[in-house]
Amino acid sequence: QNQVGLHALGQRIRQLRGDITQEDFARSLGISQAQLSKYELGQSALPLGSLVKLAQKSGRTADWILTGNS
């Protein structure tokens, strides 16, 4: 049940980004804007290091980011 769907994961990353530009958000995560775009579009899986940074930055759990479950 806790399978990670890349498209849904991308939507949650986009939700966490809010009104911040992809460029600025990507810079804060230490990745390129192009890579962030691939994550948001569900074209690429989020690596563990980026997941940890995203969880710390957003205050959301890694479980929520990956699966949508609290």
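**Reading helix packing in a predicted model**

Visitor: At what angle do helix α2 and helix α4 pack, and how far apart are their axes?

Guide: Helix α2 (residues 22-29) and helix α4 (residues 48-58) pack at about 110°, and their axes lie 9 Å apart. This is a predicted model, in which local features need pLDDT of at least 70 and side-chain atom pairs pLDDT 80 or more, while totals for chains, interfaces and linings use all residues. Residues are numbered from 1 along each chain as its sequence is written, and side-chain values use heavy atoms, without hydrogens and water. Helices are DSSP runs (H or I, at least four residues), numbered from the N terminus. Axes are lines fitted to C-alpha atoms over the stretch in contact, and angles run from 0 to 180 degrees between N-to-C directions.

Visitor: How is such an angle put into words?

Guide: Angles under 35 degrees count as roughly parallel, over 145 as roughly antiparallel, 65 to 115 as roughly perpendicular and the rest as oblique. Helices α2 and α4 are therefore roughly perpendicular to each other.

Visitor: Which residues make the contact?

Guide: Contact means heavy atoms within 4.5 Å. Here F25, S28 and L29 of α2 meet K53, L54 and K57 of α4.

Visitor: What sits over the ring of W64?

Guide: A charge sits over a ring if NZ of Lys or CZ of Arg is within 6 Å of the ring centre and within 35 degrees of the ring normal. The charged end of R60 does so, 3.8 Å from the centre of the W64 ring.

Key: Helices (H or I, at least four residues) and strands (E, at least two) are DSSP runs, numbered from the N terminus.
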